[in-house]
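Student: Could you take me through one part of this model closely, looking at side-chain pairs and how open they are to the surroundings? I would like the cut-offs as well, please.

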Amino acid sequence: MKKWLYFIAPLAGIGLFLFFYFSHVEEAKKAALDKKAKIEAADKLEKERKEALEARARLDATKKAEERAAEELKKETERVTKWNDQGKKIQDETDDAIKVSSEHTAKIGALEKEIAALRKKKEQSNRDYLDATRELELARIARRNAELEIQRLTELMVRKADESSLAVSQVPVTPPPAK
């Protein structure tokens, strides 16, 4: 058999393929261009939509940043005000405590002086009491000595009177007192 017949069927298939291929290539290019134009239009719309969203997002972000900055400023002023108020309160309390402390220190000084004066007065009173007690004891001793001296003198007088000549005479005897 002839070998060239093996090439006829594939060449006829290639020819038929090329005929249909070239006839549809134009349509395919047109369809590709239409599809490309649709995609570009859709991309353009999408790009515009994204740009609008980004612009809106930038506006929102700017607005939120301004609000956040205003809120932070407000919080900072409130914090500073609170800090200053607390500092003033602490300073006032410290001043009051120092004032009270000074008053108490002055009172303590006055009371210490008073205590020293009272102790001195107590010591003087104790000395005076001891002196008065000593003088009292000396007075009692002197009184007792005087009484003893009086008794001794009386006794001496009685003895001398008994020894005298007048005492020898008879003196009426007095009866003892009734019981």
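Tutor: Let us begin with R134, which counts as partly exposed at 48% relative accessibility; here buried means under 20% relative accessible area, exposed means over 50%, and partly exposed is in between, with a 1.4 Å probe and protein chains only. This is a predicted model, in which local features need pLDDT of at least 70 and side-chain atom pairs count only at pLDDT 80 or more, while totals for chains, interfaces and linings use all residues. Residues are numbered from 1 along each chain as its sequence is written, and side-chain values use heavy atoms, with hydrogens and water left out.

The partner of R134 is D131: their side chains meet in a salt bridge, at 3.7 Å from N to O. The term stands for a side-chain nitrogen of Lys or Arg within 4 Å of a carboxyl oxygen of Asp or Glu. As for the background, side chains of opposite charge can pair when their charged atoms come close. D131 and R134 are three residues apart in helix α1, so about one helical turn separates them. Helices here are DSSP runs (H or I, at least four residues), and strands are runs of E with at least two, numbered from the N terminus. D131 is also partly exposed, with a relative accessibility of 34%.

How many salt bridges does a search of the whole structure find? The search gives 10. Another of them joins R127 to E123, whose side chains meet at 3.9 Å, N to O. Both R127 and E123 belong to helix α1, which covers residues 5-163, and they sit four residues apart, about one turn of the helix. R127 has a relative accessible area of 44% and is therefore partly exposed; E123, at 46%, is partly exposed too.

A further salt bridge links E149 with R152, at 2.3 Å from N to O. These two residues, E149 and R152, are again in helix α1, three residues apart, or about one turn. E149 is partly exposed at 33% relative accessibility, and R152 is partly exposed with a relative accessible area of 42%.

The aromatic side chains of the model deserve a look as well. A pair of aromatic rings is described by the distance of the centres and the angle of the planes. Rings of Phe, Tyr and Trp (its six-membered ring) pair if their centres lie within 6.5 Å; planes under 30 degrees apart count as stacked, over 60 as edge-to-face and the rest as tilted. By this rule there are three aromatic pairs. In one of them, F17 and Y21 have ring centres 5.8 Å apart and planes at 20°, so the pair is stacked. F17 and Y21 both lie in helix α1, four residues apart, about one turn of the helix. F17 is exposed, at a relative accessible area of 52%, whereas Y21 is partly exposed at 43%.

The rings of F19 and F20 have centres 5.4 Å apart and planes at 70°, so this pair is edge-to-face. F19 is exposed, with a relative accessible area of 56%, while F20 is partly exposed at 44%. One aromatic cluster is formed by F17, Y21 and F22.

Finally, A110 is found in helix α1 and is partly exposed, with a relative accessible area of 43%. A110 and P175 are 65 residues apart in sequence, and their C-alpha atoms are 77 Å apart in space.
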